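Q: I would like a close look at one part of this model. Please keep it brisk.

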Amino acid sequence: MENMMGWLGGFYVQVKALHVIVTFFWIAGLFMLPRYLVYQAGETPGSPEDLKWTERTARLRRIILNPALIAVWILGLMVATSYGLAGSGWIHAKIFLVLLLSGYHGWAVGMSKKMAAGQRPMAEKSLRYLNEVPAFFTILLVGLAILKPF
């Protein structure tokens, strides 16, 4: 275990645990936001219920999603650089997937802002399909982190 601690020293395990915890929050938020958008898509823009969904999505972004995204990246990079990036193909793949998932996060936040402005750029059915993206990434990311296949 000593060789896995790197520059974090005795704090390696605590930082890694915190990284996993905030990742749970981030993924939970990424499951929630598109689901909220599905519900909002069925509402008439500007209606009282639409405004409630707009406020809910804004709170979700402000309280959970954006802080968790920042923490995931900071803590994840701390763990990755302390662990050592050289010769670990799985960690490069993991970082690439997290980069893609961060893009999905950006897309979902952008979509919520468009819907808050009264636009409905996507059909409810498409939003339902896109709601499954975090599950797919979770499977891949956990698989890479646990199995370290290459």
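Which hand does the crossing of α4 and α6 have, left-handed or right-handed?

A: The crossing of α4 and α6 is left-handed (the near helix is turned anticlockwise from the far one by less than a right angle; clockwise would be right-handed). This is a predicted model, where local features need pLDDT of at least 70 and side-chain atom pairs count only at pLDDT 80 or more, while totals for chains, interfaces and linings use all residues. Residues are numbered from 1 along each chain as its sequence is written, and side-chain values use heavy atoms, without hydrogens and water.

Start with the pair itself. α4 covers 89-116 and α6 covers 133-147. They pack at about 165°, with axes 9 Å apart (axes are lines fitted to C-alpha atoms, for helices over the stretch in contact, and angles run from 0 to 180 degrees between N-to-C directions). α4 and α6 are therefore roughly antiparallel (over 145 degrees; under 35 is roughly parallel, 65 to 115 roughly perpendicular, the rest oblique).

Now the setting. The chain has six helices and zero strands (DSSP runs, H or I of at least four residues for helices and E of at least two for strands, numbered from the N terminus). Of its 150 residues, 37% are buried (under 20% relative accessible area with a 1.4 Å probe, protein chains only; over 50% is exposed, in between is partly exposed). The C-alpha trace spans about 60 × 25 × 15 Å along its principal axes.

A second pair is α2 (residues 12-41) and α3 (residues 48-83). Their angle is about 150° and their axes lie 7 Å apart. α2 and α3 are therefore roughly antiparallel too. α2 passes α3 in a left-handed crossing. The contact of α2 with α3 has 24 nonpolar, eight polar and three charged residues (Ala, Val, Leu, Ile, Met, Phe, Trp, Tyr, Cys and Pro are nonpolar, Asp, Glu, Lys and Arg charged, the others, Gly among them, polar).

Both pairs meet at the largest pocket: α2, α3, α4 and α6 each supply at least two lining residues. Its volume is about 650 Å³ (the space filled by probe spheres set on grid points joined across faces, edges and corners). A pocket is an open set of points on a 1 Å grid over the protein atoms alone, where a 1.4 Å probe fits, with protein on both sides within 12 Å along at least five of seven lines; lining residues have an atom within 4 Å of a point. Here 27 residues line the pocket, and His19, Val20, Thr23, Lys94 and Ala145 lie nearest its centre. α2 gives the largest share, eight residues. By class, the lining has 20 nonpolar, four polar and three charged residues.
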